[in-house]
Amino acid sequence: MKQSEIVGLYEIYKKCGGKVTTDSRKIRGGEMFFALKGENFDGNEYALKALEAGAAYAVVDKSSAVAARLSADSSADASGMCMEEQGKDSVPEDFKSRLIPVEDTLVALQSLARWHRSMMFVDGKPLTVIALTGTNGKTTTKELVRSVLETKYNVTATEGNLNNSIGVPLTLLSITPETQIAVVEMGASHPGDIKELVSVALPTYGLITNVGKAHLLGFGSFEGVMAAKGELYDYLQRTADKAFVNIDNSYLQKMAEARPDLKTIAYGLNYEGAEVLPSSLEHPYLRIRLAGGRVISTHLVGSYNADNVMTALAVGHEFGIGEEEAVAAIEHYVPANNRSQMVQAASGMLIVDAYNANPTSMAAALDNLDSVNYPSKAVMLGNMLELGDESVKEHVAVLEKLSRMKSIDRIVLVGEEFRKALETFGNVCASCSDACGMAGNDDRTQWFATSDEAASYLKSNPLKDCCILIKGSRGTKMENIIPVL
């Protein structure tokens, strides 16, 4: 977009009090509505409804039908045609000045967000923006970092999972003059995604939580994942800004070393002489003893969250937050949204990590369950999605791991990908195409087509006194099992 167009949009954005939305159903009054297009929807079709609902302005594509109607009305007005002659398809008169046609509404949203970010200063210096990406742990790390920074600063951070090409601009546009630090989560499922997002957010710091096997359908390979996440390091190297690097992670260390001009802030559990304390019935949550002897007692489940905690401590230290204040903030943080939650239920203790799943996070969750000291254990695992040609292989790897975990008494698998893997692994008859509930040779294992079918079975066959891991990709809806446990 031309700078003059962006400046014009920015004036309208300020007129709207910084209120921006892309969802016409969430109009409350006075917003700037961006009519975005997706594979299964076209926001341009709802632009007039957004104005009717109370939006102050609607930004639409020039190629859209509503923009064509606006253009036709303008031509008719210029020719002196009366309203009756223009017809019923004309845009209501009071909406005409509130429709803003642009070449591409997504580009306009991102351009506006970048401009707003560049206009934000703290004590005469550009606003500090921390960009955060990685295969696993992004949201938990973001929330821990936010909690620590908020002990000293006014922080604006990504809400929920708004970490894509739409969510990142919306996060940036929520920054206010009171914001002192912004923490922006960035997701990626294809090469170039992070490059696009950092060009919008213009971060001054960055961190990658880890790199693992996820979105292989989009990235093609693990090396593709590393290259895509490394786009954040590439940006920071060009701008001479800093990256927090977990030196304990050999992949991240190698990625940083491959960029010799990258300025780094090193940290890590082993690097700093900290250790994870064993979990038990008395201490089921993650505990970490720091080098100085202080013990952090979190509300997080699993040793795999230790890196997330150490990241938050490293960020806090960089921004002048003392250990005591940082530890207190971490200890007060309670996870939500089915992420590393521990829930007491009638059937026992639930480890709910059902927001998402990939081979790396699945292996970490199973390793953690294996280390838990509990009389009886069970797993409820759903499909790991978006793995492309590697899907069956990766699901078979999970079955192989489960076969070695003799501490698990019950295995419930959900979804087509696990059915294919069971056939390959030899634990289910290849001719069995329905949810028969039995998985052949391993009498611990049962398979179901959907989480609802699994829930129905578990309701009739309840578990007792178990520690139960519930994990799967969002599409499998493993949280449907929770109410019957």
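This is a predicted model: local features need pLDDT of at least 70, side-chain atom pairs count only at pLDDT 80 or more; totals for chains, interfaces and linings use all residues.
User: Is Lys96, which meets Glu93 in a salt bridge, buried or exposed?
Analyst: The side chains of Glu93 and Lys96 meet with an N to O distance of 3.1 Å. Buried means under 20% relative accessible area. Because the relative accessibility of Lys96 is 14%, this residue counts as buried.

User: What class of accessibility does Glu390, the salt-bridge partner of Lys393, fall into?
Analyst: The closest N and O atoms of Lys393 and Glu390 are 3.7 Å apart. Lys393 is exposed, with a relative accessible area of 56%. Glu390 has 28% relative accessibility, so Glu390 counts as partly exposed.

User: Which helix holds both Lys420 and Glu417?
Analyst: These two residues form a salt bridge, with closest N and O atoms 3.6 Å apart. Lys420 is partly exposed at 32%, whereas Glu417 is buried at 16%. They lie three residues apart, about one turn of the helix, and both belong to helix 17 (residues 416-425).

User: Which residues does Glu143 touch, not counting those up to four places away in sequence?
Analyst: Glu143 is part of helix 6 (residues 138-149). With 17% relative accessibility, Glu143 counts as buried. Beyond its sequence neighbours, the residues in contact with Glu143 are Thr158 and Tyr333.

User: Are helix 10 and helix 11 roughly parallel or roughly antiparallel to each other?
Analyst: Two packed helices are described by the angle between their axes and the distance between the axes. The axes of helix 10 (residues 222-229) and helix 11 (residues 231-239) come within 4 Å and cross at roughly 30°. Angles under 35 degrees count as roughly parallel. The two helices are therefore roughly parallel.

User: How do the residues of the contact of helix 10 with helix 11 divide by type?
Analyst: Helix 10 contributes Ala227, Ala228 and Lys229, while helix 11 contributes Glu231, Leu232 and Tyr233. Sorted by type, the residues of this contact are four nonpolar, no polar and two charged.

User: Which strands are the edge strands of the open sheet of three strands?
Analyst: The order of this sheet is 13-14-15, with antiparallel pairing. An edge strand pairs on one side only, and here the edges are strand 13 (275-277) and strand 15 (295-297).

User: Which residue of strand 15 stands opposite Arg287?
Analyst: Strand 14 (residues 287-289) pairs with strand 15 in the antiparallel sense over three bridges. Within strand 15, the residue opposite Arg287 is Ser297.

User: Which strands stand at the edges of the open sheet of six strands?
Analyst: This sheet has mixed pairing and the order 16-17-21-18-19-20. Each edge strand has a single partner strand, so one side of each is left without a neighbour in the sheet; the edges are strand 16 (341-345) and strand 20 (445-448).

User: What is the bridge partner of Met380 in strand 21?
Analyst: Strand 18 (residues 377-382) and strand 21 (residues 466-471) pair in the parallel sense over five bridges. The partner of Met380 in strand 21 is Ile470.

User: What angle does the direction of helix 17 make with that of strand 20?
Analyst: Helix 17 packs on the sheet and touches strand 18, strand 19 (408-414) and strand 20. The angle between the directions of helix 17 and strand 20 is about 135°.

Definitions and conventions:
Residues are numbered from 1 along each chain as its sequence is written. Side-chain values use heavy atoms; hydrogens and water are left out. Buried means under 20% relative accessible area, exposed over 50%, partly exposed in between (1.4 Å probe, protein chains only). Contact means heavy atoms within 4.5 Å. A salt bridge is a side-chain nitrogen of Lys or Arg within 4 Å of a carboxyl oxygen of Asp or Glu. Axes are lines fitted to C-alpha atoms, for helices over the stretch in contact, and angles run from 0 to 180 degrees between N-to-C directions. Angles under 35 degrees count as roughly parallel, over 145 as roughly antiparallel, 65 to 115 as roughly perpendicular and the rest as oblique. Ala, Val, Leu, Ile, Met, Phe, Trp, Tyr, Cys and Pro count as nonpolar, Asp, Glu, Lys and Arg as charged, and the others, Gly among them, as polar. Two strands pair if DSSP finds at least two bridges between them.
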